[in-house]
Amino acid sequence: LPPPTVTLSAEKLEADQIYILDAGLQMLLWVGPRTAPDAVTALLGTSSLKGTDPAALDLREPETAFAKNVDSIIRSLGTQRGGHYPRVTVVSSEEGRDVRFIAMLTEDRSQAAMSYVEFLCHVHRQIQSKLS
């Protein structure tokens, strides 16, 4: 079974979890700073991302049940997009290296833009005003 989806918001990210973000042309694998070392090792071959450039890491061939499950999820996402399997880029919150990942969380409000929900409410109000 695939894991549950979560709201695309930084406040929903758990520091001990790993998340996959399918952004169309790329997939990002966010590794929380308190993710279990054995999970990180199973996926990336290293127990910690400290002192490494996560973007330079590639997913290992899955050997554990956990790694096989992650591989299955990624393959399923690729199958849903017609067999296009983009490279999975690893990101972590170490030294702010997850800026690109965080920027793709559409539910978050930024200083420059509305959150996705705010945008939908704005469009709804615009449509209602046109119909009145």
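Student: Which element gives the most to the lining of the second largest pocket?

Tutor: That is α2, with five residues. Helices are DSSP runs of H or I with at least four residues, strands are E runs with at least two, and both are numbered from the N terminus. A pocket is an open set of points on a 1 Å grid over the protein atoms alone, where a 1.4 Å probe fits and protein lies on both sides within 12 Å along at least five of seven lines. Lining residues have an atom within 4 Å of a point.

Student: Before we go on, what sort of model is this?

Tutor: It is a predicted model; local features need pLDDT of at least 70, side-chain atom pairs count only at pLDDT 80 or more, and totals for chains, interfaces and linings use all residues. Residues are numbered from 1 along each chain as its sequence is written, and side-chain values use heavy atoms, with hydrogens and water left out.

Student: Back to that pocket. What volume does the second largest pocket have?

Tutor: About 320 Å³. A volume here is the space filled by probe spheres set on the points, with grid points joined across faces, edges and corners.

Student: Which residues are closest to the centre of the second largest pocket?

Tutor: Leu59, Arg60, Asp71, Ile74 and Val88. The second largest pocket is lined by 16 residues. Two elements, α1 (37-44) and α2, each give two or more residues to its lining.

Student: And the largest pocket, what volume does that have?

Tutor: The largest pocket comes to about 850 Å³. Its lining has 30 residues, and those closest to the centre are Pro3, Pro4, Tyr19, Ile20 and Ile73.

Student: Which elements give two or more residues to the lining of the largest pocket?

Tutor: β1 (18-22) and α2 (65-80). The largest share of that lining is eight residues from α2.

Student: Zoom out. How many helices and strands are there in the protein?

Tutor: Four helices and three strands. Along the sequence they run β-β-α-α-β-α-α. The C-alpha trace of the protein spans about 60 × 35 × 25 Å along its principal axes.

Student: How many residues are in the protein, and what percentage count as buried?

Tutor: The protein has 132 residues, and 27% of them count as buried. Buried means under 20% relative accessible area, exposed means over 50%, and partly exposed is in between (1.4 Å probe, protein chains only).

Student: What about contacts between residues at least 6 apart in sequence?

Tutor: Of those, 53% join residues at least 24 apart. Contact means heavy atoms within 4.5 Å.

Student: Which residues touch the most other members in the largest nonpolar core?

Tutor: Leu29, Val31, Leu43, Leu44, Leu49 and Val90, out of 14 residues in that core. β2 (27-31), α1, α2 and β3 (88-92) each supply at least two residues to this core. α1 gives the most, with four. A nonpolar core is a set of buried Ala, Val, Leu, Ile, Met, Phe, Trp, Tyr and Cys residues joined through side-chain atoms within 4.5 Å.

Student: What does Leucine 49 touch?

Tutor: Leaving out residues up to four places away in sequence, Leucine 49 touches Val31, Val40, Leu44, Leu57, Val90 and Ser92. There is also a second, separate core of eight residues, including Leu13, Tyr19, Leu28 and Val91.

Student: Leucine 43 next. Where is it found?

Tutor: Leucine 43 sits in helix α1.

Student: Buried or exposed?

Tutor: Leucine 43 counts as buried because its relative accessible area is 4%. With residues up to four places away in sequence not counted, Leucine 43 touches Ile18, Leu29, Asp58, Leu59, Arg60, Phe66, Ala67 and Val70. From Leucine 43 to lysine 130 is 87 residues in sequence and 52 Å in space, C-alpha to C-alpha.

Student: Switching to aspartate 98. Where is that found?

Tutor: Aspartate 98 lies in the loop between β3 and α3 (99-103).

Student: Why does aspartate 98 get the label it has for burial?

Tutor: Aspartate 98 is buried because its relative accessible area is 10%. Not counting residues up to four places away in sequence, Aspartate 98 touches Trp30, Val91, Ser92 and Ser93. Aspartate 98 and proline 54 are 44 residues apart in sequence and 9.8 Å apart in space, C-alpha to C-alpha.

Student: Last one. Where is the place of lysine 12?

Tutor: Lysine 12 is in the segment before β1. Lysine 12 is partly exposed, with a relative accessible area of 42%.

Student: What is lysine 12 in contact with?

Tutor: Thr7 and Tyr19, leaving aside neighbours within four places in sequence. Lysine 12 and aspartate 58 are 46 residues apart in sequence and 25 Å apart in space, C-alpha to C-alpha.
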